Amino acid sequence: DGQPIEEKDDVNFENGDIRMHMDGVPWVAVDHARGVFYTAEWSEADRLNVFSLDTFEFVGFIELTDENGEKVTLHRCQGADVYGNVLYASCDIGSEQPFFAVDLDTGVMTRLFDRNLGDEAEAEGMCVVTTKDGVRFVSQYYTGIKVVVCTYDVSDLVNPEEEAKEPVVLNFAEKIVAFIKTVFFGLYNMLSVTLNKAA
């Protein structure tokens with residue numbers, strides 16, 4: 001009926017009810033190898049929503065658990081990217097602003113590491129890139145007056161055998177364009193959230 005809902009149990013998940021995104025769609029991660037893309041709720045998401053890349057139809061869920069099979073939630077995720085068999089997520093939780101990894105076969109979610117950016121920083125989106133020097137997470141955070149782009153060497157955390165993308169080596173001009181796009185979309189997302197809260 002298009003009206004906001006209070007409880008997740010009220011959503012008709014089986015028919016792909018768009019109200020499953022009660023707080024909008026905070027991020028989308030494309031999985032070319034499987035022909036799908038993933039989304040999740042903004043707050044306390046206990047599953048990934050899976051949609052077809054060809055038809056955009058809802059095709060199912062990936063339930064999130066820890067290594068012991070206990071249910072867990074992905075909270076305040078600001079962006080995610082698929083690399084090989086894993087979905088990597090950037091979350092704005094406390095001052096730690098952690099990165100998480102979700103095994104797309106099992107749904108097992110693990111906390112990779114914390115950025116510890118401080119209470120004034122808001123962690124934003126991320127992407128995974130391969131370079132001649134290894135695997136990198138590229139992400140940004142917002143401090144209220146500036147957007148900072150960071151690169152993390154995760155070669156020891158991400159198995160190179162998982163690679164599903166061709167290595168990316170950017171020249172200087174491409175790095176500038178990538179930086180501008182990252183800042184633009186980060187500011188656009190923050191403005192959208194601000195306007196939605198005001199409305």
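Mentor: Let us begin with accessibility: buried means under 20% relative accessible area, exposed means over 50%, and partly exposed lies in between, with a 1.4 Å probe and protein chains only. This is a predicted model, in which local features need pLDDT of at least 70, side-chain atom pairs count only at pLDDT 80 or more, and totals for chains, interfaces and linings use all residues. Residues are numbered from 1 along each chain as its sequence is written, and side-chain values use heavy atoms, with hydrogens and water left out.

Trainee: Why is F51 called buried?

Mentor: The relative accessible area of F51 is 9%, so F51 falls under the 20% limit and is buried.

Trainee: What makes F56 exposed?

Mentor: F56 has 59% relative accessibility, which is over 50%, and therefore F56 counts as exposed.

Trainee: Why does R76 count as partly exposed?

Mentor: Its value is 27%; because this lies between 20% and 50%, R76 is partly exposed.

Trainee: Where do F51, F56 and R76 lie?

Mentor: F51 belongs to strand 3 (residues 47-52), strands being DSSP runs of E with at least two residues, numbered from the N terminus. F56 is in the loop between strand 3 and strand 4 (58-63), and R76 is in the loop between strand 4 and strand 5 (77-83).

Trainee: Which residues does F51 touch?

Mentor: Contact means heavy atoms within 4.5 Å. Not counting residues up to four places away in sequence, F51 touches M20, H21, G35, V36, F37, T39, F56, E57, F58 and V59.

Key:
Helix = DSSP H or I, 4+ residues; strand = E, 2+ residues; numbered from the N terminus.
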